[in-house]
Amino acid sequence: MAQAAGFWFGEGYFIPSRFGQNPSDGLMDKMQSEGRRAGDGRARFYVPVIFGVMIALAIVAVWFAPPRRDLAERVPDEANILAAASAAKAGGPAEGALVPGSGAPAPELPGHWPQFRGPKRDGIDHESSGYARAWPAAGPPLLWSIEVGEGYAGPVVHKGCVYLLDYDRENQADALRCLSLADGSEIWRFAYPVPVKRNHGMSRTLPAVTDEYIVSIGPKCHVICLETATGKLLWSMDLVTEYGSEVPDWYAGQCPYIVDGRVILAPAGPDVMLMSVDCATGEEVWRTPNPRKWKMTHSSVTPMSFSGSDLLLYCASGGVVGVDAADGSLLWTSDAWKVSIANIASPLPFEDGRIFFSGGYNSGSMMAQLTRGSDGGFTMDELYRLKAREYGSTQQTPVLLKDHILGIRPNGDLVCLALDGTLVWASGKDYRFGLGPMMLVDGLILAMDDFGTITMAEASVEAFKPLGSFAAVDGHDAWGPFATAGTRVICRDFTTMRCFDFGAQ
């Protein structure tokens with residue numbers, strides 16, 4: 001198994017014919033020539049018989065041939081395997097191996113970023129402080145840097161450990177890696193084989209972690225749940241095999257959501273839209289029906305509290321579903337908002353029942369109002385729409401900034417919108433961020449462009465107020481979400497992940 005320092009993998013290979021043609025071509029010509037001299041009848045008899053014998057011998061040779069010696073390099077050294085487990089559920093990953101590393105947790109370091117978009121799933125670090133307002137010319141200090149598999153999967157952080165669902169191309173395996181927050185060294189990894197071809201990268205999802213459990217969804221919708229501290233496999237499932245999910249184009253982008261010891265998933269199969277699974281046992285707690293047969297997107301399940309109820313929102317292929325978080329009841333569906341090609345951004349809910357939806361591919365955005373009738377039922381009505389050039393989010397989910405909407409529109413501008421959709425400010429041509437991530441921390445906006453340049457700005461609703469920029473990674477497709485832990489900021493591009501200290505120097 002490749003270690004952290006060697007995660008950049010080459011392409012596959014093929015073995016060409018030595019002579020550039022089928023080796024049997026000349027033999028067949030000779031047989032046919034001799035057959036013609038002996039008479040057409042004998043040729044018609046012997047040629048197919050001999051050819052059939054050749055095929056049979058080739059099959060036998062392949063079947064009984066010893067395995068290629070170089071294949072042994074594609075599996076972990078048995079001496080390094082702590083445990084190997086078959087899937088706890090039928091249809092889960094066929095096999096898995098837990099492999100130790102040399103790293104150690106750093107629980108003394110502050111900070112907590114346990115899931116997609118942070119502790120409250122809103123893209124905001126509400127606790128960290130002490131961030132610098134200016135950087136040296138070279139930028140903040142680099143603490144560590146590692147190579148990672150091609151993709152956009154961001155990290156999560158819990159008790160001095162960094163967790164990343166990576167893809168190991170050399171071994172053709174999803175690899176859930178546990179790294180030290182102190183220096184990036186690998187503590188352990190749990191990997192299971194699944195062939196994934198490059199399709200604008202492989203990895204896209206973030207795991208969700210608690211004191212007891214860590215759950216991840218792989219590119220082809222394999223779900224695993226491990227013990228957080230040890231990496232021991234508790235259970236696994238294959239959403240395609242077990243629930244009829246269809247892997248979205250460019251692979252799964254959905255990130256799991258853990259609440260009260262249960263993980264919320266959106267299989268979006270023919271019979272189940274959302275479901276709750278007990279993290280301890282892997283057993284279903286509830287499931288939501290899928291009467292409109294909508295399919296999985298890259299969007300993630302989003303919690304919302306409204307009118308005394310805890311709700312779950314999900315943007316499926318054909319529209320939006322609202323679910324009761326307590327029992328999975330389907331409360332409403334609406335086809336007023338859908339993205340025709342790829343719905344990536346998740347909904348942005350507000351306490352008063354408004355929900356802001358945004359997407360790419362010329363979808364623009366929409367503000368909706370959720371209401372609850374006297375019978376307890378919910379309805380969702382459109383308030384207004386914005387065209388794509390005004391605001392649409394191809395990839396990143398917007399963030400709530402002081403009763404304003406902060407996000408990146410298709411031309412790469414970072415923009416601030418009033419809740420009625422009015423543009424308050426835009427970053428302009430000198431600060432374009434492409435499809436990169438952004439977040440809020442300690443009164444600051446952090447935003448990264450496609451090539452890995454991070455810009456820091458005041459979290460202001462009055463104007464765009466940049467404070468500094470630096471090249472955090474010198475690469476491309478720097479689209480993976482940030483993670484923060486105290487003043488440590490972790491970012492990545494297509495093949496590199498780095499950790500910086502953004503504290504006052």
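In which loop does Pro410 lie?

Analyst: Pro410 lies in the loop that runs between β26 (404-408) and β27 (414-418), where strands (E, at least two residues) and helices (H or I, at least four) are DSSP runs numbered from the N terminus. This is a predicted model, in which local features need pLDDT of at least 70 and side-chain atom pairs count only at pLDDT 80 or more, whereas totals for chains, interfaces and linings use all residues. Residues are numbered from 1 along each chain as its sequence is written, and side-chain values use heavy atoms, with hydrogens and water left out.

Pro410 counts as partly exposed because its relative accessibility is 47%, the class between buried (under 20% relative accessible area) and exposed (over 50%), computed with a 1.4 Å probe on protein chains only. Leaving aside residues up to four places away in sequence, Pro410 touches Ala388 and Gly392, contact meaning heavy atoms within 4.5 Å. Gly360 is 50 residues from Pro410 in sequence, yet their C-alpha atoms are 7.2 Å apart in space.

Tyr361, in the loop between β22 (354-359) and β23 (364-372), has a positive phi near 55° although it is a residue other than glycine. Most residues other than glycine have a negative phi. Tyr361 is partly exposed, since its relative accessibility is 37%. Another positive phi, about 75°, belongs to Tyr251, which is not a glycine either; Tyr251 sits in the loop between α3 (239-243) and β13 (257-259), and it is buried because its relative accessible area is 11%.
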